[in-house]
Amino acid sequence: MHRVVLVGAGFGGLYAARALRRAPIDLTVIDRRNFHLFQPLLYQVATGGLSPGEIASPVRHVLSRQRNARVWMAEVRDVDVDRRRVCLDGAEAPYDTLILAAGAHHHYFGHDEWEPLAPGLKTVEDATEIRRRILLAFERAEREPDAAERHAWLTFAIVGAGPTGVELAGALGEIANDTLRHDFRSINPAEAAILLVEGTDRVLPSFPPDLSAKAERALTELGVRTRVLTTVTDLDSAGVTVRTGDAVERIPTKTVLWAAGVQASELGKIVAERTGAPLDRAGRMLVEPDLTVPGHPEIFVIGDLACFSHQTGQPLPGVAPVAMAQGRYVARAIRARLRGQTPPPFHYFDKGTLATIGRNQAVAAFGRLHISGPLAWFVWLFVHLMYLVEFDNRLLVLIEWIYDYITRNRGARLITGGR
Ligand SMILES: Cc1cc2nc3c(=O)[nH]c(=O)nc-3n(C[C@H](O)[C@H](O)[C@H](O)COP(=O)(O)OP(=O)(O)OC[C@H]3O[C@@H](n4cnc5c(N)ncnc54)[C@H](O)[C@@H]3O)c2cc1C
């Protein structure tokens, strides 16, 4: 039996695994976590709207009926490309074909020391930590007698105005203005200052300019102040220093959230060293038109770990639809090879892009069609519900959203853990 090892059960990996369900192969799916995480809704966990279990599905359960697949929960440390083996802690997994779908993590542009001060949003632990910090800030402000300190507790800075930064800022605006409005006695949560810092000249820089302008207006209505053409130059536990042109400003704040940079998984670097394959600046592996590593047709790389620029000359964006399409393509390619055929090159059909800002507010671009407001928001809700992996989660999230929409509540406002 042809042995396929797949590393990473995120969007790319899981879609590849499922599309291989009828292939005559022996498939081993390896992930360091025992669940698939629906990252696009992580910000809702971080802002108390959803609980982690509602956006995560156990990989073992998702693939339980797939006879040709086994699941291993393990960290992949290395790949022996000559002996065709994936190296785990104290074990090896031999392969004939390897699919690497290990994704990406956040990146602090050479300032890794900022990570504990300004958590990024990538894992369930990140989301619950951000939730803890946001809610704790209001708690501390409630019993803080000093006005300046209180203001610092009620100031939130979000770095990066891509979709994640915009979603976090919008949700924070709703928490401050709506969710918490009756909950405190000494402070008025609506007085919270929410600052969204962006290095380029507009929010949602990957969207068309008219939608960026609409998103900015919607954010302003939620009380979010946006600062474009602004970069963070320093960060400590008492505040953040930003530069706009020649102007440098120190902003006292106890809560800084990072939504700025992305770097491909370390595994890409390791496999690049073993194969001599090139990496781009974001650490992604430059792949061939059929998503294989140059000189290694037996190794496919997909999703956020891959840099595919054969279609437009520009790398495809690191978004879920690209990873899912590449996962499905790889499955087709493997099946074609097993039949003795050569697969055609990968081609991505871009169905459009969406971002939500808050209640009834989202923006969406489908080619030349740009929509915003409640219609875009409904499209956003529908698409995100449909792509949640399991039916149970879809139902739970739908119920939660309807309830929260009516009551303006966020039921998962728990302060847990602590780093
Ligand atoms: C907060 C956030 C919001 C987002 N919002 C959107 C959105 O609204 N729309 C959109 O299209 N995209 C969004 N994205 C991007 C989207 O989630 C990614 O593009 C997509 O997850 C990439 O899929 P992937 O399979 O490449 O990687 P991932 O889904 O990240 O999966 C990688 C998997 O590999 C595993 N892994 C990594 N290293 C190892 C190892 N060494 N050993 C074993 N397992 C390993 C990980 O545990 C993980 O399960 C968002 C991302 C984030 C972080």
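**Cavities and ligand shell**

About 50 Å³ of space lies in the largest cavity of this predicted model, and a search of the whole structure finds two cavities of 30 Å³ or more. The residues that line the largest cavity include Arg284, Gly303, Asp304, Phe308, Val319 and Val322, and by class its lining comprises six nonpolar, three polar and two charged residues.

The second largest cavity, with a volume of about 40 Å³, is lined by Ala46, Thr47, Gly48, Arg131, Ile134, Leu135, Ile175 and Arg413. Helix α4, which spans residues 124-142, contributes the largest share of this lining, namely three residues, while the division by class is four nonpolar, two polar and two charged.

From the cavities we turn to the ligand. Among the 27 residues around the ligand, those that come nearest are Gly12, Asp31, Val76, Asp304 and Ala320; Asp304 also belongs to the lining of the largest cavity. Sorted by class, the shell around the ligand holds 12 nonpolar, nine polar and six charged residues. Two helices, α1 (11-19) and α9 (320-338), each supply at least two residues of this shell, and α9 gives the most, with three residues.

Particular atom pairs can be picked out within this shell. A polar side-chain atom of Asp31 lies 2.6 Å from an oxygen atom of the ligand, whereas for Gly12 a backbone N or O atom lies 2.8 Å from a ligand oxygen atom. Val319, which also lines the largest cavity, has a backbone N or O atom 3.4 Å from an oxygen atom of the ligand. Taken alone, the ligand exposes 1000 Å², of which the protein buries 89%.

Key. Residues are numbered from 1 along each chain as its sequence is written. This is a predicted model: local features need pLDDT of at least 70, side-chain atom pairs count only at pLDDT 80 or more; totals for chains, interfaces and linings use all residues. Side-chain values use heavy atoms; hydrogens and water are left out. A residue is near a molecule or strand if one of its heavy atoms lies within 4 Å of it. A polar contact is a pair of N or O atoms within 3.5 Å; within protein, one must be able to donate a hydrogen and the other to accept it, and residues adjacent in sequence count only if both atoms are side-chain atoms. Accessible areas come from the Shrake-Rupley method with a 1.4 Å probe; for residues, only the protein chains shown count as cover. Helices (H or I, at least four residues) and strands (E, at least two) are DSSP runs, numbered from the N terminus. Ala, Val, Leu, Ile, Met, Phe, Trp, Tyr, Cys and Pro count as nonpolar, Asp, Glu, Lys and Arg as charged, and the others, Gly among them, as polar. On a 1 Å grid over the protein atoms alone, a cavity is a set of points where a 1.4 Å probe fits but cannot get out, and a pocket is an open set with protein on both sides within 12 Å along at least five of seven lines; lining residues have an atom within 4 Å of a point. Grid points are joined across faces, edges and corners, and a volume is the space filled by probe spheres set on the points.
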